[in-house]
Amino acid sequence: MKETSELNSESNGLLLLKKGQKGLVYALFSRMGLVILLLLLQLAALFSIFQWFENLLPHILGGTVLFTAGMVLYLLNSELDSTAKITWLVVIMMLPVFGALLFWYTQSEMGHRAVKKRIEQLIGQTADELPQNREVMETLQEENPGVACLAKYVNRTSCHPVYKNTTVTYFPTGEQKWEEVLNQLEQAEKFIFLEYFIIDEGLMWGKMLEILARKAKEGVDVRVMYDGTCEFSTLPHDYPKRLTKLGIQCKVFAPLVPMMSTFYNYRDHRKILVIDGHTAFNGGVNLADEYINHIEKYGHWKDAAVMLKGEAVSSFTLMFLQMWNLFEKEPEFDRYLKKPEVLPESAKGYVIPYGDCPLDHDKVGERVYMDILNRASRYVHIMSPYLILDGEMQTALQFAAERGVDVKLILPGIPDKAAPYALAKTHYEALLESGVQIFEYTPGFVHAKIFVSDDREAVVGTINLDYRSLYHHFECATWMYEVPCINEIEKDFQNTLSECRQVTKETIWKGYGKLKPLGYVLKVIAPLM
């Protein structure tokens, strides 16, 4: 504690790292550098084995053709989505044996079979923890049968009931969310659960950590969980130990270890904060200074989040505990899932907090988005930092526009990465031809993940319109129907739209012509990115 207090800064809150103790260079010359070296050696050995197997196949036309034909038939009859099938067909036709072995390795569940089984156990164990209120479902069925069908689908995937008695507050910026988070943390009495993709020391996290440390000292159960990729650039490997000294329990999801595993492909992209079971935050805002525009990386950072108060908070509590207890022998759920003692008065509308797990066959995030597109009658307005679509999602966007729905997309004007930005632009022309309107946020980077439709339905969460979010990440979001803040979400969309440039066929690649070849090449392997 003495060392910690010495690192305390009045301006930035509580900081645990000295200058130079984070970043890629520091990671490479620490334990992480050794882990990366060992992983690269294993990768080289794996490729050598693949090459050795390839040399076993007779290098005659007949042998190669028969092998490739067999793989083509297998892929065409597999359960992969059509876009992924095309990608693997190209890879295998170009590198028959090597490509086939790579395919089998990635599909083998090597390294995550045990985790998949454990997740299934936890979902089964908690299937009845949050029973659906029949009266709420019946009322929703009477009001809108189509929406009720969506609610039934989401609930069957992993205990995500639809709630009333929940208020939702919308935050159009990370700054506003952060300010309210500090206010709510100060009021915590029992427990505080945080699960975030990115945590980075600075003003935002420092001010929060200052409160968390004080609350832990007062006896509040404080738990922090973040994704293992933070070890690459923001937090050192021993950061959980530093938090433990403050009385804060900490876990790292899928930390990098010197062992090749397909599990590294699945990241915890969720952003969840739960306080005492009655208040929860969700949205696109991570815990780093760029998210509150305290520092500038890619121009102005546009993000969004929501705060829930009431019954629906229990779903976010359950989602957190499911991830926290992945490797706990005796998981505990019941005492944290009690109904809030005080419920919001006259809360209107319906709310479903839901999660998406990449290790099952339910692509919940994509299907919720597609269902909104398919039911919309007037408009669907969308914000997303990335646009890397499979055939089904692109068709849903196009079909909605072609049947007269006003479909608008707001994407970044200043990209954070060249490759996904180039890939996004390869979708523009087909979408524009169908009547989808595309806008780019000129002040900077859009990181918000928003769907809002017909002034009555919306989703705010962590789910991007790209392969990683829709297929490879653990995600979460808040679905809303007839909730008052939906008008604020649409107002924020219109305000953001006023700062955007509209994209036409002629301006798709304007200023980024050098990225065009990259985009079309990467589109072939988009599902692998």
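Let me start with a lysine. K408 has 13% relative accessibility, so it counts as buried, the cut-off being under 20%. Its partner is D406: the two form a salt bridge, with the closest N and O atoms 2.8 Å apart. D406 itself is partly exposed, at a relative accessible area of 22%. Keep in mind that this is a predicted model.

Now the other salt bridges. The count comes to 20. I'll pick out a few.

Take K302 and D492. Their side chains meet in a salt bridge, 3.0 Å from N to O. K302 sits in strand 10, residues 300–302, and D492 sits in helix 19, residues 486–497, so this pair ties together parts that are 190 residues apart in sequence. Are these two buried or exposed? Both K302 and D492 are buried.

Next, R501 and E440. They form a salt bridge too, and the closest N and O atoms are 3.0 Å apart. This pair also links distant parts of the chain. R501 is in strand 20, residues 500–502. E440 is in strand 15, residues 437–441. The separation is 61 residues. On accessibility, R501 is partly exposed, with a relative accessible area of 33%. E440 is buried, at 3%.

Salt bridges link R156, D362 and R367.

On to cavities. How many of 30 Å³ or more does the structure hold? Three. I'll cover two.

The largest cavity contains about 170 Å³ of space. It is lined by 16 residues, and those closest to its centre are I123, S158, R270, Q322 and C357. Four elements each supply at least two lining residues: helix 7 (113–125), helix 9 (145–158), helix 14 (313–324) and strand 12 (350–356). Helix 7 provides the largest share, three residues. By class, this lining has eight nonpolar, five polar and three charged residues.

The second largest cavity has a volume of about 70 Å³. Its lining includes P385, Y386, L387, D416 and K417. L411, P412, P415 and P420 are also among the lining residues. Strand 14 (406–412) and helix 17 (418–433) are the elements giving two or more residues to this lining. Which gives the most? Helix 17, with four residues.

One link back to the opening. Strand 14 spans 406–412, and D406 and K408 are the salt-bridge pair I began with.

Methods:
Residues are numbered from 1 along each chain as its sequence is written. This is a predicted model: local features need pLDDT of at least 70, side-chain atom pairs count only at pLDDT 80 or more; totals for chains, interfaces and linings use all residues. Side-chain values use heavy atoms; hydrogens and water are left out. A salt bridge is a side-chain nitrogen of Lys or Arg within 4 Å of a carboxyl oxygen of Asp or Glu. Buried means under 20% relative accessible area, exposed over 50%, partly exposed in between (1.4 Å probe, protein chains only). On a 1 Å grid over the protein atoms alone, a cavity is a set of points where a 1.4 Å probe fits but cannot get out, and a pocket is an open set with protein on both sides within 12 Å along at least five of seven lines; lining residues have an atom within 4 Å of a point. Grid points are joined across faces, edges and corners, and a volume is the space filled by probe spheres set on the points. Ala, Val, Leu, Ile, Met, Phe, Trp, Tyr, Cys and Pro count as nonpolar, Asp, Glu, Lys and Arg as charged, and the others, Gly among them, as polar.
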